[in-house]
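Q: I have just opened this one and would like to talk through it. Could you help me get my bearings?

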Amino acid sequence: MKRKEGEGIWHFDSMSESEEDDWRSDTDCERDYNNDGDGSLNEKSKLSFVQFDDISVLMDAVGGDDDFLIETLRRLAAVPGVEPFSEVNGLAMAVADYINEVSIGQHHESLIEEDSEAMLLLNLMYAPRRSRLHKVAKCLSRIENMSHMIAWTKMNHPAVSRALQSAGIPGGGDPWQQWGCPPISLVELPRLKLSFTERMDHSGEIRMYSIDHNDLFISNKRSEMITCMLAGIPHSLLLCNMRGEEHLLVPAVSPTRPKVTSMPFSTFLVLDRSDEKWAEELSSKYFMYPIHVSTSFLLTKGLSSALYLMLLRFLHRNYGEVFRMADSIATDHALSSEDLVIFNAFNYANDDWHPDAHACRLKISLCMLDSGEEFPWDLTNEAARHILKLGRVSSNCRLSSEEELQLLESKCIVLDESNEDYDPKLHDLYYCTIVNNRLHALRSLLGAENTEGLDHLEVSCCSPPRSVSTNW
């Protein structure tokens, strides 16, 4: 072997012409020499014997395919931020990781090709603020906890495919920041048995349509009357169709109004979605209330939906609406287990002693009198408190004299100690006497043939024995 004069290459005498041409490559065979011309090689171009011996590890990483190794090294060198490797073992590990990421990306592509319905799970918890996914999660959180929402996107969508490809490139950053929010193909709410999908309407606007109610989509446009009508129903979704018909979707969860000492007339609600007994008894996981065309009230379908809506109105202290709705729950049949659970939940509002609240309870009792069900309050005590506060009952919550007499003559009223339902721990003789005297007054008033011009009316009354406590 000798070096030709005037050329910066080494010439092997035993080489053929074709082999000699291969060794003339500037990138593989040319060596840099020091400026002093001593013929020594540059230290940066040298491979130590240990590194040269470890090249077999690099070949093992690619399965012995040298062409694939060269292509992988070329692509790896093009990745921004990759520093030169000082050890062959480190380079082999980087090559193996890169090949693994590429194979995962190819596996994703094969899955998409094999199954056009393959779905990718989206993380609602960490959706970027102001993104479409974050808005959907915030909207649906009104009816369900985020831990029970499942959002999906189709993997065969072009935007998702580009994002998955960019995710397989090391140092490529967050793919969704680069390609934007993925399309929301499906949002499932398993506990409510509801599903929504993203679809474009006839005007080109993207909306979240209900799969269970095909023509309804989520709407956030509310008039002043609808906003007033939805007060007290925080866990609701307003649904609309292209004809302008509006419905209110309300999950059937257990509502409770906690006591707030500083706000005795608070209307805040706490929704207990973990109440297993409530969830087991209710077969309907949600109720749909059509909104009247006048947008002034909600329409109810069935006894359960009417009871639940009236319960929410009662907890919100909307006594006029409760009194108006009482006739919609009138029945002479025994309640089903589902209706009974909702009806018993009215005891959550028993701490409300507003005059109109007593009138509402009496009206509900009158409508349910023939059902034979036990009321979630004591009717005698409610009637006595209503009588004592009769002058302060609102005009839209007043019972007629005939309705009040029918209620006081029922067997649910305890008039004295001789009644078999009398309970000294529950009933008070003073209250019993108040109810008894009111009963006689109503009988006399309604029994009179002509009350016109009558300035007085004789009624037989009784008074309870005076309790002796002190000498005073």
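Q: Which residues in α12 are buried?
A: In this predicted model, the buried residues of α12 are S304, S305, A306, L307, Y308, L309, M310, L311, L312, R313, F314 and L315, so that twelve of the 13 residues in this mostly covered helix are buried.

Q: Switching topic, how do α15 and α17 cross?
A: The axes of α15 (residues 355-367) and α17 (residues 401-408) come within 10 Å and cross at roughly 70°, which means that α15 is roughly perpendicular to α17. The crossing in which α15 passes α17 is left-handed.

Q: Which residues meet there?
A: From α15, L362, K363, S365 and L366 meet E403, Q406 and L407 of α17.

Q: What about confidence: what pLDDT does the protein average?
A: The average is 79, and 74% of the residues score at least 70. Over residues 25-44, however, the pLDDT is below 50, and that stretch has 14 contacts in the model beyond near neighbours in sequence.

Q: Where else does pLDDT stay under 50?
A: It stays under 50 over residues 111-115, for which the model has four contacts beyond four places in sequence.

Terms used: Residues are numbered from 1 along each chain as its sequence is written. This is a predicted model: local features need pLDDT of at least 70, side-chain atom pairs count only at pLDDT 80 or more; totals for chains, interfaces and linings use all residues. Side-chain values use heavy atoms; hydrogens and water are left out. Buried means under 20% relative accessible area, exposed over 50%, partly exposed in between (1.4 Å probe, protein chains only). Helices (H or I, at least four residues) and strands (E, at least two) are DSSP runs, numbered from the N terminus. pLDDT is the predictor's confidence in each residue, from 0 to 100. Contact means heavy atoms within 4.5 Å. Axes are lines fitted to C-alpha atoms, for helices over the stretch in contact, and angles run from 0 to 180 degrees between N-to-C directions. Angles under 35 degrees count as roughly parallel, over 145 as roughly antiparallel, 65 to 115 as roughly perpendicular and the rest as oblique. A crossing is left-handed if the near helix is turned anticlockwise from the far one by less than a right angle, and right-handed if clockwise.
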